[in-house]
Amino acid sequence: MKTYLVTGGAGFIGSNFIQYMFEKYDNDINIINVDDLTYAGNLDNLNSINDRENYKFIKKNICNANKIRKIFLSNNVDYIVNFAAESHVDRSIRNPEVFIRTNVMGTLVLLNIAKEFWQQDDDNFKKGKKFIQVSTDEVYGSLEDKHDYFYENTPLDPHSPYSASKASADLLVKSYINTYKFPANITRCSNNYGPYQFPEKLIPLMINNALEGKKLPIYGDGKNIRDWLYVKDHVKAIDMIINNGRLGEVYNIGGHNEKENIEVAHIILDTLLELLDKEDNRKKHIKKNLIAYIKDRKGHDRRYAICPNKIKKELNWYPETSFEEGIKLTIKWYLKNNQWMKKITSGDYLNYYEEMYH
Ligand code: NAD
Ligand code: TYD
C-alpha cells in the first residue's frame, strides 16, 4: 500500500487532490497531509475525509526540517506531492519574503529529506519513490504572439515574485534530478478554477462579489488572457504523472481554454443569472454594471497558454470538463456552500480586501 505525503493539502488544489485520490483508491492508499494552515489553508475543505483511518493531518510548516524528518521516521513515505506554497501573485508583489521561504526553502527541505530517506547509494534511489513538484505555467513568463504557446522546453522567464519563487523551486528540483538522479517530476499547470478556491483569485472573487452586489474589479483593460482548467482535470493529471510519468520529466497541463478576464467576468454574471432562482434576493443586484475597471496589477503578465501535447501523447490525459460545464459546476458549488465562503471572508480577509481594492 502506497503512502503519499501531500503538502498543502488543506488548500484549493491539494484538498481537491486528496478527495479525488480517496474517491479513486478508497482504502488502497495512505495519505498524510502536512499543511501549516496559513490564511489559505482550511480544514473545512476536508470534512468528508477527516475520519478515515488511512488519512492523517499534521499541522506543520514544510520549512521545519526536524518535523518533516520525524514524519519520514515514523512513516514509509513513497510519494511526496508538493502543493504547499504561497500562491497569490498580488500578495507576492506586496510581500515577497514569505514566497521565498515557503516556495523555495520549503521545497529544498522536502528534497533533502526525501533524498536522505530514499537514496540507497550514489546514483541509486529505492524503487517506487517519487517527488512531484506542483508548479505553474507562470514560470514561463508571458506570451505576446497569439499563436505562441508554452512548451516544456520554453525557457523560464518568471516576472512576478510568485513566479520567480516557483521557477527557483523548479530549478532546485531539476538540479536534484541532474545531480543525484533524484526521482521526480515537475508539473506546470495553467490557471485552475473549481470548488474550494480562496476568494482572492479571479473566479471565486467575482462570484462572491456578484452575490454580495459588490463591484467586480478588473485590472487594466481586462484583456489579459488566462488558460483555465477545471481543478479535477488537474488533479487527475497529477495522479497519472505519479503512476506513469517518466522520471525526471516536466509535464505541462492545460486544456486550450484561453479567455480574456473581461470575458470571464461576463460569463460569471450570465451564469449566476441563469442559475439563481427568481425569488432569490441576490439575483436583483446581479447586473453588468458591477464590472469595474481598476488600476492594473504591477508587471501584469499579458497571456498564458499551455501546449499540453506531451501529457496527451505520453499519458493519454485530456481535460474532461469544458469551461461552460466547469463554471456551472463551480458556481453551483459556491451557491450551495455559502457558509464556507462566509466563514473565510470574515476576519483577516476583510483587511486584505480593504487594502487591495480601496
Ligand atoms: P492555496 O494557496 O489554495 O493553498 C496552499 C496551501 O499550502 C494552503 O493550505 C496553505 O496553508 C499551505 N501552506 C502554505 N505555506 C505552507 C508552509 N510553509 N508549510 C505547509 N503548508 C503551507 O494554493 P493552490 O491554488 O491550491 O495551489 C497549490 C499549488 O499549485 C501551489 O504550489 C501553486 O503554485 C500551484 N498551482 C496553482 C495554480 C492555481 O491556479 N491555483 C495553477 C498551477 C499551479
Ligand atoms: P489570479 O486569479 O490572481 O491568477 P494569476 O494572476 O495567477 O493568473 O488572476 C487571474 C487574472 O485575473 C489575472 O490576469 C489578474 C486578473 N484579476 C483581475 O482582473 N482582478 C482581480 O481582482 C484579480 C484577483 C485578478
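## Fold and overall dimensions

The protein has 12 helices and 15 strands, helices (H or I, at least four residues) and strands (E, at least two) being DSSP runs numbered from the N terminus. The radius of gyration is 20 Å, close to the 21 Å that the globule rule gives for 358 residues, so the protein is as compact as a globular protein of that length. That radius is taken over C-alpha atoms, and the globule rule is 2.2 Å times the number of residues to the power 0.38. The C-alpha trace spans about 65 × 50 × 40 Å along its principal axes.

This is a predicted model, in which local features need pLDDT of at least 70, side-chain atom pairs count only at pLDDT 80 or more, and totals for chains, interfaces and linings use all residues. Residues are numbered from 1 along each chain as its sequence is written, chains are lettered from A and ligands numbered from 1 in the order in which they are written, and side-chain values use heavy atoms, with hydrogens and water left out.

## Burial, contacts and surface

Of the 358 residues in the protein, 56% are buried. Buried means under 20% relative accessible area, exposed over 50%, and partly exposed in between (1.4 Å probe, protein chains only). Among contacts (heavy atoms within 4.5 Å) with a separation of 6 or more, 83% are between residues 24 or more positions apart.

The accessible surface comes to about 15,800 Å², and carbon and sulfur atoms hold 48% of that area. Accessible areas come from the Shrake-Rupley method with a 1.4 Å probe; for residues, only the protein chains shown count as cover.

## Charges and salt bridges

The protein carries 50 positive and 48 negative charges, and their mean positions are 2 Å apart. Lys and Arg count as positive and Asp and Glu as negative, while His and the chain ends are not counted. The place of a charge is taken as NZ of Lys, CZ of Arg, CG of Asp or CD of Glu. Side chains of opposite charge can pair when their charged atoms come close. With a salt bridge defined as a side-chain nitrogen of Lys or Arg within 4 Å of a carboxyl oxygen of Asp or Glu, the count comes to 22 salt bridges.

One of these joins lysine 129 to aspartate 78, with 3.1 Å between the closest N and O atoms. The pair links distant parts of the chain, 51 residues apart: lysine 129 is in the loop between β6 (124–125) and β7 (130–136), and aspartate 78 is in the loop between α2 (65–74) and β4 (79–82). Lysine 129 counts as buried at 8% relative accessibility, and aspartate 78 counts as buried at 8%.

## Further charged pairs

Lysine 201 and glutamate 200 form a salt bridge through their side chains (3.3 Å, N to O). Lysine 201 is buried, with a relative accessible area of 18%, and glutamate 200 is buried at 3%.

In the salt bridge between glutamate 274 and lysine 328, the closest N and O atoms are 3.0 Å apart. Glutamate 274 lies in helix α8 (residues 261–275) and lysine 328 in helix α10 (residues 323–336), so this pair ties together parts that are 54 residues apart in sequence. Glutamate 274 is exposed, with a relative accessible area of 52%, whereas lysine 328 counts as partly exposed at 30%. Elsewhere, a network of salt bridges links Arg246, Glu249, Lys310 and Glu314.

## Positive phi angles

Most residues other than glycine have a negative phi. Leucine 37, which is not a glycine, has a positive phi of about 50°. Leucine 37 is placed in the loop between β2 (29–35) and β3 (55–59) and is partly exposed, with a relative accessible area of 27%.

Lysine 181 also has a positive phi, near 60°. The loop between α5 (161–180) and β8 (184–189) holds lysine 181.

## Two buried residues

Glutamine 19 is in helix α1 (residues 12–25) and is buried, with a relative accessible area of 14%. Not counting residues up to four places away in sequence, glutamine 19 touches Asn45, Ser48 and Tyr196.

Tyrosine 230 belongs to strand β12 (residues 229–230) and is buried, with a relative accessible area of 8%. Leaving aside neighbours within four places in sequence, tyrosine 230 is in contact with Tyr193, Gly194, Pro195, Thr321, Gly326, Leu329 and Thr330. Tyrosine 230 and lysine 278 are 48 residues apart in sequence and 28 Å apart in space, C-alpha to C-alpha.
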